[in-house]
Amino acid sequence: MQLAVWTYEGPPHVGAMRVATAMEGVHFVLHAPQGDTYADLLFTMIERRGKRPPVTYTTFQARDLGKDTAELLQAAIREATERFAPEALLVGASCTAELIQDDPAGLADALDLACPVIPLELPSYQRKEAWGTAETFYRMVRHLADRSLRPAPREGRRPLVNLLGPCALGFRHRDDVAEVRRLLDVLGIDVHCVAPLGARPADLVRIGAADFNIVLYPETGEPAAQWLSREFGQPVVRTVPIGVGATREFIAEVAALAGVDPAPALADAGSRLPWWSRSVDSTYLTGKRVFIFGDATHAIAAARMAAEELGFTVCGLGCYNREFAREMRAAAARHGVEPLITDDHLAVEDAIRAASPELVLGTQMERHIAKRFGIPCAVISSPVHVQDFPARHSPQMGFEGANVIFDTWIHPLVMGLEEHLLTMFRDDFEFSDAAGPSHLHGGVATPAAHPTPQDEPAVALAGAIADALTIEVPAADTAAVTWTADAERELRKIPFFVRGKARRNTEGFAVLQGRREIDLATLYDAKAYYAQ
């Protein structure tokens, strides 16, 4: 473990809370000290839920450690079952209570409760939130599923499918489910069960009656899907329909398993993204450098969409969940970049600085990082803040999801292209230096230098450097180069969309010349070098 200002994932018991909160008729008794109830705020404040999570905490205190804390846990379990009458009970321990080793599973089993009890063993010091979410859902499916159930004969009925993975505190999961349901309805396929989001324990009992499963979010649904495939022989669709191309592949794969015609769903492509990608307007964004980081599912999908459907250049790709390192390495190889697999936001910040992208696609963490660097950013993955749980329908999956992504990714860049024009009106109160870039959602900006008639030589200098071909120099070498304050001011006088290339070219020139500090003289020398 390490101390950090931000964390991409909480401990695994937060993942268990996500499953319990997503479902109906489930209660979670968590053996935890005072202070671990902070996780409630993730659901009531961040996700804007109207009720607190269905969790009972033992909330033992320091003075209780000298007594029998096991009795506290058993009393909490009895009271929770009497008060809430759950259809299924989860029992586990937080990271702090794990050190006491009270054995919540054995203590709950000794009470001989009427409802099913699913014990959770969540190693808090080896695993994290996403693993805890997947493990909890897997344990519930394995414990509750009726193993004698099999799909009914197909004659005279529509195909049945389970949607696995949507969860509480997920990024646009509610809206993604609605969009996928719509696609399946057009194909003539019925949804048997969506789990864990909105499911009851009884739905998990009957989960084996579906013809096949669709894993929308592998981070949550993959372990359960693998078990269902082994135990019930249910085929699994693993194509995640994020982007127009992936959505078409998803429809084709689902239609083949269900034995239906994919044409109606494929003909209903309401996305405007393909039209825009073929238009003249898209050409001035072709080749823009984009840095992508998030959970593996969304980051890999975003990289494919950015490269194949929008014409961007992926200059960085990574994820924070190590369980999907193999998939991330394969995706990074396809885009010709080194994979970044880390849960250290400072390492991500260093990678963004080194890559000098023109757009960042990431989590709430990367939003903060990009804003400090003055780079446009769009959020594509959890962890997110309250603004990424909109009241409106805003999916990421399906053709409508491609429309939402198109708006979210393109508009910051389009608005950013106009920022250099706004400097002509910098004396106006709305466009003053203190107003900050409009495409970065406001905020108090640090007054920055803007071009004046006297600055035209410096702008031309930086423009000449930016127009030249970039020297390929290892990032480790350029990372050792520092900029003087005067040189940084000169660099900020040019539009942001060529500023990154000017920086990279100047740093490459400095490395070739063996210079470790870039001052005004180095800038002018770089201009002379590139003018040859």
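Predicted model: local features only at pLDDT ≥ 70, side-chain atom pairs only at ≥ 80, totals over all residues.
| Helix pair | Axis distance | Axis angle |
|---|---|---|
| H13 (residues 296–309) and H14 (residues 325–334) | within 10 Å | roughly 15 degrees |
| H15 (residues 345–355) and H16 (residues 364–373) | 10 Å | about 40 degrees |

**H13 and H14**

The axes of H13 and H14 cross at roughly 15 degrees. Angles under 35 degrees count as roughly parallel, so H13 is roughly parallel to H14. Their crossing is left-handed. On the H13 side, the contact involves Ala-296, Ala-299 and Ile-300, and these meet Glu-327, Met-328, Ala-331 and Arg-334 of H14. Sorted by class, the residues of this contact are five nonpolar, two charged and no polar.

**H15 and H16**

H15 and H16 pack at an angle of about 40 degrees, with 10 Å between their axes. That angle makes H15 oblique to H16. This crossing is right-handed. H15 brings His-345, Val-348, Glu-349, Ile-352 and Arg-353 to the contact, while H16 brings Glu-366, Ile-369, Arg-372 and Phe-373. By class, the contact of H15 with H16 holds four nonpolar, four charged and one polar residue.

**Cysteines**

How many disulfides does the structure hold? It holds zero. Buried means under 20% relative accessible area, so Cys-115 counts as buried at 14%. Cys-319 is buried too, with a relative accessible area of 0%.

How values were computed:
Residues numbered from 1 in each chain as written. Heavy atoms only, no water. Axes fitted to C-alpha atoms, helices over the stretch in contact; angles between N-to-C directions. Helix = DSSP H or I, 4+ residues; strand = E, 2+ residues; numbered from the N terminus. Parallel < 35°, antiparallel > 145°, perpendicular 65-115°, else oblique. Left-handed = near helix turned anticlockwise from the far one by under 90°. Contact = heavy atoms within 4.5 Å. Nonpolar A, V, L, I, M, F, W, Y, C, P; charged D, E, K, R; others polar. Disulfide = S-S within 2.5 Å. Buried < 20%, exposed > 50% of the residue type's maximum accessible area, 1.4 Å probe, protein only.
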